[in-house]
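Trainee: I would like to learn how to read a model of this kind feature by feature. Could you take me through one, giving the general idea before the particular case?

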Amino acid sequence: MAKRKSAAQIAAREKARALQAQFDVLAERRLDIATRAVAMRKDLDDFDDETQKLIEQLVAKRHTKRSAMHAQLGALAVEMIDTKVSRSEAAGRLGMTLTEMNAARKAFDDAVRARAEVPSTPAPSAPAAAEPVPTPAVDPVPGATSGDGLPGVTLPRQESGTLDEPVMGTIAPPVS
């Protein structure tokens, strides 16, 4: 014989169904939230990958441009040394340390060597050496010209000295 359900059991079952419906609504909401989170994480990973590619492109561009500029700086260092000044004085006049100047000269030498090694492909233009600074015209001193219109005066060589030794043409501080 089948057992009859009591009113308490029927009420308990209805209450359980209502709670289950609430849980189902919450479960559906949780599933929706989790789905959006997974999609957002994928978008975030894609954004990170794209950003990383852009960073790598910028770093490569920076490296290329810095190498070219270092080579140009090296060309200026070589040009300065060609004016018959010491390496340390050349570095000081260029606003660099001797180590920085040597690194720039090495970059210049490497750029020149790289261009010399790849003659079959059209090479990009060489790093432009600094244009010479125009010097004002010097009027020759009458009777003291060398024949080419320039004064026949020999100037003493500029040398860096220590502060203890007075340099010719400077005024020494008064001794008290």
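Mentor: What follows is a walk through the overall fold, the helices, the core, the surface and the charged pairs.

Mentor: Please keep in mind throughout that this is a predicted model.

Trainee: How many helices and strands are there in the chain, and what pattern does the chain follow along the sequence?

Mentor: The chain contains three helices and zero strands, and reading along the sequence gives the pattern α-α-α. Of the 176 residues in the chain, buried residues make up 10%, while the chain exposes about 15,500 Å², of which carbon and sulfur atoms supply 61%. Among the contacts with a separation of 6 or more, 47% are between residues 24 or more positions apart.

Trainee: What span should helix 1 have, and how far apart are its end C-alpha atoms?

Mentor: The reasoning runs from the residue count to a length: helix 1 has 75 residues, so at 1.5 Å a residue it should span 111 Å, and its end C-alpha atoms are 108 Å apart, which agrees.

Trainee: Which residues of helix 1 are buried, and what covers them?

Mentor: The buried residues of helix 1 are Ala71, Gly74, Ala75, Ala77 and Ile81, and their cover includes helix 2 and helix 3.

Trainee: Which residues make up the largest nonpolar core?

Mentor: As a general idea, nonpolar side chains tend to be buried together in soluble globular proteins. Here the largest nonpolar core has seven residues in all, namely Ala77, Ile81, Val85, Ala90, Ala91, Met96 and Met101, with helix 1 and helix 2 each supplying at least two residues of this core. If we leave aside neighbours within four places in sequence, Met101 is in contact with Ala77, Ile81, Arg87, Ala90, Ala91, Leu94 and Met96.

Trainee: Which residues form a nonpolar patch on the surface?

Mentor: Leu19, Phe23 and Leu26 form such a patch, and together they have about 260 Å² of accessible area. Leu19 is placed in helix 1 and counts as partly exposed, with a relative accessibility of 38%.

Trainee: In the salt bridge between Glu89 and Arg93, is Glu89 buried or exposed?

Mentor: Glu89 counts as buried, because its relative accessibility of 12% lies under the 20% cut-off, whereas Arg93, at 46%, counts as partly exposed. Their side chains meet at 3.0 Å from N to O, and, being four residues apart in helix 2, they are separated by about one helical turn.

Trainee: With which residue does Lys106 form a salt bridge, and which residues are joined into one network?

Mentor: Lys106 forms a salt bridge with Asp110, their closest N and O atoms being 2.9 Å apart. The two are four residues apart in helix 3, which covers residues 98-117, and so about one helical turn separates them. Salt bridges that share partners join Lys106, Asp110 and Arg113 into one network. Asp110 itself is partly exposed, with a relative accessible area of 30%.

Conventions:
Residues numbered from 1 in each chain as written. Predicted model: local features only at pLDDT ≥ 70, side-chain atom pairs only at ≥ 80, totals over all residues. Heavy atoms only, no water. Salt bridge = Lys/Arg side-chain N within 4 Å of Asp/Glu carboxyl O. Buried < 20%, exposed > 50% of the residue type's maximum accessible area, 1.4 Å probe, protein only. Expected span 1.5 Å × (residues − 1). Contact = heavy atoms within 4.5 Å. Core = buried A, V, L, I, M, F, W, Y, C linked by side-chain atoms within 4.5 Å. Patch = residues over 30% accessible without salt bridge, like charges linked within 9 Å, V, L, I, M, F, W, Y side chains within 5 Å. Areas by Shrake-Rupley, 256 points an atom, 1.4 Å probe, with all protein chains shown as cover.
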